[in-house]
Amino acid sequence: MSTKESNPYLSHSQATEIIKRLYGLTVSVMRPLPSYIDQNFYVAPSEGGEFLLKVINSADSHNSTVIEVQTHAMTFLHQRDFPVQTTLPTLTGQLMSLEEIDCGFGMQKYLVRLLTYLPGTTISKITRSPQILYDVGKMAATLDTVLLQMEHSNISVLQREDLIWNLANIPLLNQYIHLMDGDPVQKVVKAVMEQYEIKVVPKLPLFRKCINHGDLNDRNLLVKPDGPSKYNISGILDFAHMSCGYFIFELAITIRYMMIGSPNPVDVGASVVAGWESVFPINEAERDSLYLLVLCRFCQSLVMGRHTVIQQPENDEYVMMASKSRVDHIRLLWELGKEEVERIWFQSAAQFIQP
């Protein structure tokens, strides 16, 4: 089955019927929200409140235990005052429901959840000051530290050896690297992947383990203004890439995504590292691997972006626009080199004074 055929494409009336049948709510306002491979709707029922209806693609819907643990993690974090969504139970008390729906490709099964809606602006839409980047780094480290305390009978499903977005699974990109044939940046991607095997893999036993959110990108973090030029983090979205990993993976992923849209992308790392280390100082092996791990995340995004264009040509313009930014950033980091990038990140982070 292609990616396109596994994605949900519910109509307004199909979504309205599900909300009424499962939750007893009458839709007053509904509008689609962006999503990569799932389908999201903003829902305001006449009974009151604001919600997000999340319909999970049929491929991931087969992994209901993974979704169950993700849902548990959100509840766990909400109880500890993190700004995350919680799940509204159905009329029969279930936190998710497997629905058989025809979205134009025959009847398929999709997991459905109704989540609380978090207001705010995505961090992609603001100018990111050193202060908000520091706060993002601090929040990311705090999140992973707290998730260490989480217990669940099925927590082992978060090992996810097949999750291509886990930084432990960089070799899985080899099956898609041919999609970049003819692109000059493929040479850099291959070199980074080789360096991962030589330099990072031997250090994995020295990294501290944790559970990663794994996708703290500029559209999964919400902020609210606090005065004329300051923002506070008001929402952490989308736990779909949650997996067992290492603290340093989360830091690398966060730096990579905070570079998007920045006029000085390399400098971003210093503020994020400073915030991170205010909670969880990194060790020597982790510090030595950070540069390559950030590059590895760029490789994942580039290669899988090409894969998405082939699977979903209707998203070609959006994906390729994002791809240009990735190419520019990976080239910049690669050409500056490890020593210079580390100097910028770690010396500036050490001198960072929280405003």
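Two cavities of 30 Å³ or more are counted in this structure, which is a predicted model. The tour visits both, then moves to a helix.

**Stop 1: the largest cavity.** Select L163, W165, N166, L167, N212, G214, H241, S243, F249 and I253, the residues that line the largest cavity. Colour the selection by residue class: five lining residues are nonpolar and five are polar, while none is charged.

**Stop 2: the second largest cavity.** Clear the selection and pick I126, T127, S129, I132, S229, K230 and Y231, which form the lining of the second largest cavity. Its volume is about 30 Å³. What classes make up this lining? Three of its residues are nonpolar, three are polar and one is charged.

**Stop 3: helix 9.** Select residues 284-311, the 28 residues of helix 9. A distance drawn between the C-alpha atoms at its two ends reads 41 Å. At 1.5 Å a residue the helix should span 40 Å, so the two values agree.

Now show N283, which caps the N-terminal end of helix 9. One of the side-chain oxygens of N283 is 3.1 Å from the backbone nitrogen of A285.

Finally, bring back the surrounding protein. Is helix 9 largely enclosed or largely open? Helix 9 is largely enclosed by the rest of the structure, because 23 of its 28 residues are buried, with buried meaning under 20% relative accessible area.

Notes
Residues numbered from 1 in each chain as written. Predicted model: local features only at pLDDT ≥ 70, side-chain atom pairs only at ≥ 80, totals over all residues. Heavy atoms only, no water. 1 Å grid on protein atoms, 1.4 Å probe; cavity = no way out; pocket = protein on both sides within 12 Å on 5 of 7 lines; lining within 4 Å. Points joined across faces, edges and corners; volume = space filled by probe spheres on them. Nonpolar A, V, L, I, M, F, W, Y, C, P; charged D, E, K, R; others polar. Helix = DSSP H or I, 4+ residues; strand = E, 2+ residues; numbered from the N terminus. Expected span 1.5 Å × (residues − 1). Buried < 20%, exposed > 50% of the residue type's maximum accessible area, 1.4 Å probe, protein only. Polar contact = N/O pair within 3.5 Å; in protein donor to acceptor, adjacent residues only side chain to side chain.
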